[in-house]
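Please keep the sequence and the model in view while reading.

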Amino acid sequence: MVVAVTEGVKISVFSLFEERMSAAPQGSFVFSYRISIENQNDYPIQLLRRHWFISDSNGIKREIEGPGVIGEQPVIAPGENFSYTSACDLQSPFGIMKGFYSMQMKGTSALFKVQVPEFSLIADFMKN
């Protein structure tokens with residue numbers, strides 16, 4: 001698990017290789033990741049957008065940007081957290097992901113970025 005705090009928002013990430021959903025001989029490797037977003041501020045925040053940078057070990061790089069996460073733009077109250085699970089596919093057995101969320105201080109027009117720390121996507125058979 002990797003953890004980072006930016007602007008009073010704690011991001012925790014756990015990734016997992018999904019062997020049953022992968023097809024290694026065909027170069028398809030699926031990874032799930034669970035992200036927990038904890039608001040350590042004394043005001044509510046809303047996650048508006050996500051921006052991902054995905055790098056495959058075979059040199060393929062992707063950038064993904066869009067509204068919210070898993071179809072939601074959650075409002076997170078002070079001291080509360082929001083967790084979700086999503087997935088990513090690679091063409092090799094390992095890679096990395098990192099990115100940021102665009103957040104808004106609820107009730108204002110103040111926008112800020114929260115970094116999602118870089119995390120590894122590693123197929124189980126590649127681990128020592």
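## Terms and basis

A residue is called buried when its relative accessible area is under 20%, exposed when it is over 50%, and partly exposed in between, with a 1.4 Å probe and protein chains only. By that rule Phe-17, at 8% relative accessibility, is buried.

The model is predicted: local features need pLDDT of at least 70, side-chain atom pairs count only at pLDDT 80 or more, and totals for chains, interfaces and linings use all residues. Residues are numbered from 1 along each chain as its sequence is written, and side-chain values use heavy atoms, with hydrogens and water left out.

## Overall fold

The protein chain has nine strands and zero helices. Both kinds of element are DSSP runs numbered from the N terminus: helices are H or I with at least four residues, strands are E with at least two. From the N terminus on, the order is β-β-β-β-β-β-β-β-β.

Along the principal axes, the C-alpha atoms fill a box of roughly 50 × 25 × 20 Å. Of the 128 residues, 40% count as buried.

## Aromatic pairs

How many aromatic pairs does the structure hold? There are eight. Rings of Phe, Tyr and Trp (its six-membered ring) pair if their centres lie within 6.5 Å; planes under 30 degrees apart count as stacked, over 60 as edge-to-face and the rest as tilted. Phe-17 and Phe-125 make an edge-to-face pair, with 6.2 Å between centres and 80° between the planes. Phe-17 belongs to strand β2 (residues 9-17) and Phe-125 to the segment after β9 (111-122), so this pair ties together parts that are 108 residues apart in sequence. The ring centres of Tyr-33 and Phe-119 are 5.6 Å apart and the planes stand at 50°, so this pair is tilted. Tyr-33 is in strand β3 (residues 29-39) and Phe-119 in strand β9, so the pair ties together parts that are 86 residues apart in sequence. Tyr-33 is buried at a relative accessible area of 5%, and Phe-119 is buried at 3%.

Ring pairs also link Phe-17, Phe-29, Phe-31 and Phe-125 into a cluster. A ring contact of another kind involves Lys-113, which lies over the face of Phe-100 at 4.5 Å from the ring centre. A charge sits over a ring if NZ of Lys or CZ of Arg is within 6 Å of the ring centre and within 35 degrees of the ring normal.

## The largest pocket

A pocket is found on a 1 Å grid over the protein atoms alone, as an open set of points where a 1.4 Å probe fits, with protein on both sides within 12 Å along at least five of seven lines; lining residues have an atom within 4 Å of a point. Grid points are joined across faces, edges and corners, and a volume is the space filled by probe spheres set on the points. The largest pocket has a volume of about 180 Å³.

Which strand gives the most to its lining? Strand β2 does, with five residues. Both β2 and β9 supply at least two residues each. The lining includes Phe-17, Phe-119 and Lys-127. It divides into nine nonpolar, two polar and one charged residue.

Glu-7 is in the loop between β1 (2-6) and β2. Ile-70 is in the loop between β5 (61-67) and β6 (75-76), and is partly exposed at 46%.

Ile-54 is in strand β4 (residues 45-56) and is buried at 3%. Its C-alpha atom is 9.6 Å from that of Glu-118, 64 residues away along the chain. Leu-111, in strand β9, is exposed at 60%. The C-alpha atoms of Leu-111 and Pro-25, 86 residues apart along the chain, are separated by 44 Å.

Terms used: Ala, Val, Leu, Ile, Met, Phe, Trp, Tyr, Cys and Pro count as nonpolar, Asp, Glu, Lys and Arg as charged, and the others, Gly among them, as polar.
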